[in-house]
Amino acid sequence: MATLSPVNCCGRVCSRVASLIRILLVGTAVVLLAACGGGSSSTPVNSNTGTTGNGPPNTIQGYVYDNQTIPSPIQSALVTVNAGLGPTQIPSDTSGRFVLSGLAAGTYTVTISKTNYETATYNGVVVTDAVGADMGTVTLLAPLTTGQMRVVLTWGFTPSDLDLHACTPNNVQIWYSNQTDNLAPELSLDVDDTSSYGPETMTFTSFQTGTYAFWVEDFTNSLASTSQLSISGAQIKVSDSTGQLATYSVPAGAAADAWWWLVLRVDGSTQNVTTVNSLTAVDPSNACPTTSPPFSYGPRVKTKPVKAH
């Protein structure tokens, strides 16, 4: 039977404070862990050391934090596992830490809910008899206000780094190397994650007239001969102040050289979301020429600034 243990961990410092976006802390968070069954969307991120990775055997562990400029732990978050015998809950400790041990080997989905926050779901959390899952920091996002829209990318443990890209109607590309741009101030990359699970988060505060395009890149394997994008468990969730508008799961069974996932388009005049949802070996950035800093790459050959991991 699975057991849950709160763990005291003092002096936790988030190494990626600068990349986090603002939210307000309200009420009590709820973390739900359930055996993996179907697709859902998510909103998680990096650990106390800035990375996610292996934990103790048969264990899922992590922290629950808010998403303020200086993140703070959420004490007494309810961590719930549905293991077929009914839910079991334990509060996180004063550092926001939770540990779920004694799990059977398998792949799990972790869902985090909280009053006045968007529900977040993590797919592809793998536990084995040899190693468990360190989920790092579970981060909750505040709801959007009228006129705003958010696009959130999440994925599993492998590959470690997927990138969310957008091209604006005036051909400005928003991505990890150009997270904000004076030529397209209405859209920004709020969160760039390089250590599994995500999120990569973009937020609209207003819209230009014209079409916005969004796609995902397998950065981890960008210099490799094959891509893992189609087996990444990647999902995109689109939402506005009224709630969730669309959810997309990466198509399976694509060609090995499909490093890019064309996901959706947004009409800036109507805010209507149009589905694309296809994998490709042709770089979508070629159709978005105004990019700062400039770069060029194609299948199997890629040159752009190397991320600091």
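This is a predicted model: local features need pLDDT of at least 70, side-chain atom pairs count only at pLDDT 80 or more; totals for chains, interfaces and linings use all residues.
## A covered strand

Let us start with strand S11, which spans residues 149-154. How many of its residues are buried? Six of the six are, so the strand counts as mostly covered.

In a regular strand, side chains alternate between the two faces of the sheet. You can follow this along S11: Met149, Val151 and Leu153 point one way, while Arg150, Val152 and Thr154 point the other way. Both sets are buried.

## The neighbours of S11

Strands of a sheet pair through backbone hydrogen bonds, in a parallel or an antiparallel sense. Which strands pair with S11? One is S15 (residues 200-204), joined in the antiparallel sense over five bridges. Look for arginine 150 here: its bridge partner in S15 is threonine 203.

Another is S17 (residues 235-240), also antiparallel, with six bridges to S11. On this side, leucine 153 has isoleucine 236 of S17 as its bridge partner.

## An open sheet of five strands

Now turn to another group of strands. Five of them form an open sheet in the order S13-S12-S16-S19-S20, and the pairing is antiparallel. S13 and S20 are the edge strands: each has a single partner, so one side of each has no neighbour in the sheet.

At the S20 end, six bridges join S20 to strand S19 (residues 260-267), and the two run antiparallel. To find one of these places in the model, look for tryptophan 261, whose bridge partner in S20 is leucine 279.

## One disulfide

A search of the whole structure turns up one disulfide. It joins cysteine 167 to cysteine 288, with 2.1 Å from S to S. The link connects distant parts of the chain, as its two cysteines are 121 residues apart. Cysteine 167 belongs to strand S12 (residues 162-167), whereas cysteine 288 sits in the loop between strand S20 (273-280) and strand S21 (296-298). The angle about the S-S bond is 95 degrees, and the link is right-handed.

Are these two cysteines buried or exposed? Cysteine 167 has a relative accessibility of 8%, so it counts as buried. Cysteine 288 is buried as well, with a relative accessible area of 1%.

## A buried glutamine

What does its side chain contact? The side chain of glutamine 173 makes a polar contact with the side chain of serine 285, at 3.1 Å.

Methods
Residues are numbered from 1 along each chain as its sequence is written. Side-chain values use heavy atoms; hydrogens and water are left out. A polar contact is a pair of N or O atoms within 3.5 Å; within protein, one must be able to donate a hydrogen and the other to accept it, and residues adjacent in sequence count only if both atoms are side-chain atoms. Buried means under 20% relative accessible area, exposed over 50%, partly exposed in between (1.4 Å probe, protein chains only). Helices (H or I, at least four residues) and strands (E, at least two) are DSSP runs, numbered from the N terminus. Two strands pair if DSSP finds at least two bridges between them. A disulfide is a pair of cysteine sulfur atoms within 2.5 Å.
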